[in-house]
Amino acid sequence: MNKKFSSRLGLILSAVGSAVGMANIWGFPYKFQQGGLVFLLFYIIFAGIFSYVGLSSEFAVGRMAKTGTLGAYEYSFRSANKNKTLGRYIGYVPLIGTFLIAIGYSVIVAYVLKGFVDSLTGEIFRTSSEIWFDSFANKEHSVLIYHITIIIVTILTCIGGARSIEKTNKIMMPTFFILFLILAIKVASLPNSIEGYKNMFTYRPEQVNIQTIVNAMGQAFFSLSITGSGMIVVGAYIDKKEDLVHSSVQTGFLDTLAGLIASFVIIPAISVFGMTGVGGPSLLFVTLPTILLNIRFGRIFAIILYLAVVFAGISSLQNMFEVIAESMTHRFVKLTRKIVFLGLGLLVFVLGINLETISSFGPYMDIVSIYIIPIGASIGAITWFYILQKDKLLAEINLSAKRNYGKNWYKIGRYIYVPIAVIITILALVFKISF
């Protein structure tokens with residue numbers, strides 16, 4: 001099993017595949033619609049900071065430790081001669097968060113796969129989108145076959161390690177961008193779509209408020225998958241010759257581009273049809289099918305839409321599965337990847353069966369995103385910039401870098417990135433804000 005990406009393009013597309021997901025497709029457009037240009041400007045600022053120091057530090061720790069979540073935390077504490085017992089076990093918090101997210105995420109990607117299949121057959125347009133969605137979203141075990149299929153495909157594309165993940169993302173990510181670009185061009189041709197663009201890019205002073213800033217901050221943080229777990233394993237597979245900060249910034253740029261392209265599809269479309277404040281699963285499974293039903297060649301564009309989202313979902317699930325498998329085989333050396341993937345797939349499926357209704361899925365994902373993921377993200381940020389030795393982190397960051405990253409880069413990480421991670425965690429835990 002090869003444990004290195006073969007090229008910079010493969011690395012970036014794999015990292016983008018890990019990051020791009022439902023947050024880009026229904027979270028970003030919803031918040032962009034609410035906050036307009038103000039949201040976008042703040043998002044770009046936060047995404048720039050998080051890519052520059054947050055993403056690059058996770059890449060660096062993974063590459064330095066030559067392993068994923070559990071080994072990276074253990075390495076960080078041990079190298080600084082800190083509490084080695086804490087270092088050995090604290091990584092389980094973000095790792096468990098990844099596992100719990102994978103359970104719920106596999107369900108929503110199963111929904112998307114059903115949307116793709118029903119677009120092919122035309123089933124999606126034989127009744128109203130609300131009735132179609134209710135026919136499986138409010139019925140227990142209605143997407144079992146799609147659920148199983150998604151898990152099997154994810155495992156098969158992960159089993160070969162870095163190279164198999166790289167190969168599939170070289171297909172899935174360019175296809176995702178191309179398909180959404182086709183949709184964006186179609187939406188631009190709709191009457192009055194200009195109103196949607198105006199809503200996106202008109203500066204409104206009243207939108208400069210705490211809510212918009214918090215939305216931009218949280219969206220940027222979690223859209224990049226800087227959760228103290230996911231991007232560490234990507235870093236473990238990065239060759240020593242790669243410039244980590246440069247690769248991180250490119251990943252952040254493409255992840256932002258994914259959200260923008262999705263917005264160019266969704267915001268003008270809902271504007272044309274007089275819909276506002278639409279987000280979450282209802283956007284993808286009720287609003288968009290309604291819109292597509294009422295445009296020429298809507299069935300073809302529905303096929304394009306759901307295929308693109310299936311690719312985005314599988315690429316994110318790849319990362320979640322790989323994070324867990326790598327950590328387990330590293331910590332428990334007698335375990336093989338095949339055994340871990342088989343057990344993981346079975347667990348994700350069995351525990352996810354009872355989440356296949358939207359009434360179960362929604363509250364479950366809220367609990368995980370509010371209570372588990374932010375804590376793991378903060379643990380990671382604090383560990384890299386307050387536990388791991390500064391010289392070791394900077395040495396890894398500067399290895400093969402085109403320029404030198406010194407005190408200023410580290411200060412941004414320690415005094416801006418870490419406090420933001422903690423603030424997001426407090427907002428989630430105290431104010432129950434789900435990002």
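Begin by selecting helix α13 together with its surroundings in this predicted model: the buried residues of α13 pack against α2 (22-65), α5 (92-121), α6 (129-137), α12 (244-272) and α14 (298-331). To see which side chains are buried here, show L283, L284, F285, V286, T287, L288, P289, I291 and L292 of α13.

Next, hide the neighbours and look along α13 itself, which covers residues 281-293 and so has 13 residues by its own count. From its first C-alpha to its last α13 reaches 18 Å, close to the 18 Å expected at 1.5 Å a residue. Where does α13 bend? Centre the view on T287, where the bend is about 30°, and then find the proline P289, which follows within four residues; both T287 and P289 belong to the buried residues of α13.

From there, move to α2, one of the helices against which the buried residues of α13 pack, and select S51, which is placed in that helix. Is S51 buried or exposed? With a relative accessible area of 3%, S51 lies under the 20% limit and therefore counts as buried. Displaying its contacts, and leaving aside residues up to four places away in sequence, brings up S56, L224, S248, V249 and G252.

Finally, turn to helix α8 (residues 162-188) and select K167, which is found there. K167 has a relative accessibility of 59%, which is over the 50% limit, so this residue counts as exposed.

Key: Residues are numbered from 1 along each chain as its sequence is written. This is a predicted model: local features need pLDDT of at least 70, side-chain atom pairs count only at pLDDT 80 or more; totals for chains, interfaces and linings use all residues. Side-chain values use heavy atoms; hydrogens and water are left out. Helices (H or I, at least four residues) and strands (E, at least two) are DSSP runs, numbered from the N terminus. The expected span of a helix is 1.5 Å times one less than its number of residues. The bend at a residue is the angle between axes fitted to the seven residues ending there and the seven starting there. Buried means under 20% relative accessible area, exposed over 50%, partly exposed in between (1.4 Å probe, protein chains only). Contact means heavy atoms within 4.5 Å.
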